[in-house]
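Here are some exercises to work through with the model open beside you. Try each task before you read its solution.

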Amino acid sequence: MINYINLKKQYIKERKNLLSVIDKTLSTGMYILDKEVDLFEKNIQKYNKSKYCVALNSGTDALTLALYLVGVRKNDEVITTSNSFVASTAVIAHLGAKPIFSDVLPDQNIDPQDIKKKITKRTKAIMPVHLTGRPCEMDEIIYLSKKFGIPIIEDAAQAIGTKYKKKNVGNFGEIGCFSAHPLKNLNALGDSGYLVCNDRKYYEKAKELRNHGLISRSNVKNFGHVSRMDAIQASILNFRLKKLNKIILRRRDNFKIYNNFLDKEKVFFPQEKKYQFNTYHTFVIQTKNRNKLKKYLMKKGIETSIHYPRPIHMQTAYKKLKIKPVNLVNTIQQSKKILTLPINQYLSQSDIRYICSTINNY
Ligand SMILES: *Cc1c(COP(=O)(O)O)cnc(C)c1O
């Protein structure tokens, strides 16, 4: 069986190191906001070339805080995409704002031309999602952001290490939001996330709000949340961050094998443009007989997935918001064709060649 993802294998490989990291952190007796969390923030600042980082409990809370910090409030509009993990839209709804969906390009990322059509006086943020680890077309999005004075919040949950024109994602908008969920490329042993920014006032405010709004032990200016990254998760991420570049290179090599051997008459997948550096959080192909192919691959011992089977604008939760229906032609078409193939760092070359030949012979 070729697994789509293999966290047990990661644990077996790292077991000795992880247990010693955990033991060291537990021995300090400091489990909330201590050295390991500070160190993680410094490490990400350096890795992502961002001025500031705030370690949080999830990518979802990073998005919530980010939207709040740039001023998104009740009845405002935020432009984003419908084919994403549900959290990108849920955070907008929780602030009482309206998710407004743009359609996507053939590469599944937000279409800047369609963003332009959806901007109104109420638009308070644009939230591109760097889906699958591929960067969005940031120059065009930044052009719109500047022209209309609308801040950008990047959903970079799937995209740590991803670059657009040699610059790391997360640094293009006001705030960049990342997830360290166990299924992401840089993964904790539970929920974790972080945001990056280059503006000191967002940084200070995010630190305040993640910790009950406490500005000192006994002073609260604004009521906050409990959105801190646990010290134990920070210590694990500090350990794993050292391996991240290797993981990314391995995933990029895996893509190259797919690119060499998959029959492009049978399946479509976007090529990497010269100015993109894709980290392949997932590898998504588009094919006509998706459901049948998925079943066939399962029979042949190849586990696949779909990201995501139902676009958010088709979900009951979205319909309850009573926003006027949108027509997202590309999003709908892609949702019927997309299939995620395994690309994790534990696959062997022959695994991938087997997947390619199985698909080509189907
Ligand atoms: C994983 C993910 C999130 C949410 O991150 P969590 O850490 O699970 O809260 C948000 N957006 C996208 C695109 C994601 O893939």
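**Exercise 1. Find how far apart the centres of domain 1 and domain 2 are, taken over C-alpha atoms, and how many residues of each domain are in contact.**

Solution. Keep in mind throughout that this is a predicted model.

- Step 1: Domain 1 is made of 7-101 + 108-241, and domain 2 covers 244-361.
- Step 2: Take the centres over C-alpha atoms; they are separated by 24 Å.
- Step 3: Look at the contacts. On the domain 1 side 37 residues take part, and they meet 31 residues of domain 2.

**Exercise 2. Decide whether leucine 105 is buried, partly exposed or exposed, and list what leucine 105 is in contact with beyond its neighbours within four places in sequence.**

Solution. 

- Step 1: Locate the residue. Leucine 105 sits in the loop between S3 and helix H5 (112-118).
- Step 2: Apply the cut-off. Buried requires under 20% relative accessible area; leucine 105 has 21% relative accessibility, so leucine 105 counts as partly exposed.
- Step 3: Leave out the neighbours within four places in sequence. The contacts of leucine 105 are then Ile110, Asp111, Pro112, Glu137 and Gln334.
- Step 4: Leucine 105 and asparagine 330 are 225 residues apart along the chain, yet their C-alpha atoms are 7.2 Å from each other.

**Exercise 3. Which residues touch the most other members of the largest nonpolar core, and which helix gives the most to this core?**

Solution. 

- Step 1: Go through the 38 residues of this core; Phe40, Ile44, Leu186 and Tyr194 touch the most other members.
- Step 2: Ask which elements supply at least two residues each. They include helix H2 (35-48), strand S1 (52-56), helix H6 (138-148), strand S9 (193-197) and helix H8 (231-261).
- Step 3: Pick out the main contributor. H8 gives the most, with six residues.
- Step 4: Look for another core apart from this one. There is one of 27 residues, including Leu67, Met127, Tyr202 and Leu209.

**Exercise 4. Name the buried residues of helix H4 (residues 87-94) and some of the elements that cover them.**

Solution. 

- Step 1: Pick out the buried positions of H4: Ala87, Ser88, Thr89, Val91 and Ile92.
- Step 2: Identify the cover. Among the elements over these residues are helix H3 (59-69), strand S2 (77-81), strand S3 (98-102) and strand S5 (153-155).
- Step 3: Move on past the helix. Glycine 96 follows H4, and its phi is positive, near 80°.

**Exercise 5. How many salt bridges does the structure hold? Take three of them and see which parts of the chain they link.**

Solution. 

- Step 1: Start from the total, which is 10 salt bridges.
- Step 2: Take arginine 240 and glutamate 14, whose closest N and O atoms are 2.8 Å apart. Arginine 240 belongs to helix H8 and glutamate 14 to helix H1, 226 residues apart. Both arginine 240 and glutamate 14 are buried.
- Step 3: Turn to arginine 210 and glutamate 41, again with closest N and O atoms 2.8 Å apart. Arginine 210 is in helix H7 (residues 200-210) and glutamate 41 in helix H2, so this pair ties together parts 169 residues apart in sequence. Both arginine 210 and glutamate 41 are buried.
- Step 4: Finish with glutamate 137 and lysine 273, at 3.5 Å from N to O. This pair links two loops, one between strand S4 (123-126) and H6, the other between H8 and strand S12 (276-277). Glutamate 137 counts as buried at 9% relative accessibility, whereas lysine 273, at 39%, counts as partly exposed.

Definitions and conventions:
Residues numbered from 1 in each chain as written. Predicted model: local features only at pLDDT ≥ 70, side-chain atom pairs only at ≥ 80, totals over all residues. Heavy atoms only, no water. Core = buried A, V, L, I, M, F, W, Y, C linked by side-chain atoms within 4.5 Å. Buried < 20%, exposed > 50% of the residue type's maximum accessible area, 1.4 Å probe, protein only. Helix = DSSP H or I, 4+ residues; strand = E, 2+ residues; numbered from the N terminus. Domains from an automatic or database assignment. Contact = heavy atoms within 4.5 Å. Salt bridge = Lys/Arg side-chain N within 4 Å of Asp/Glu carboxyl O.
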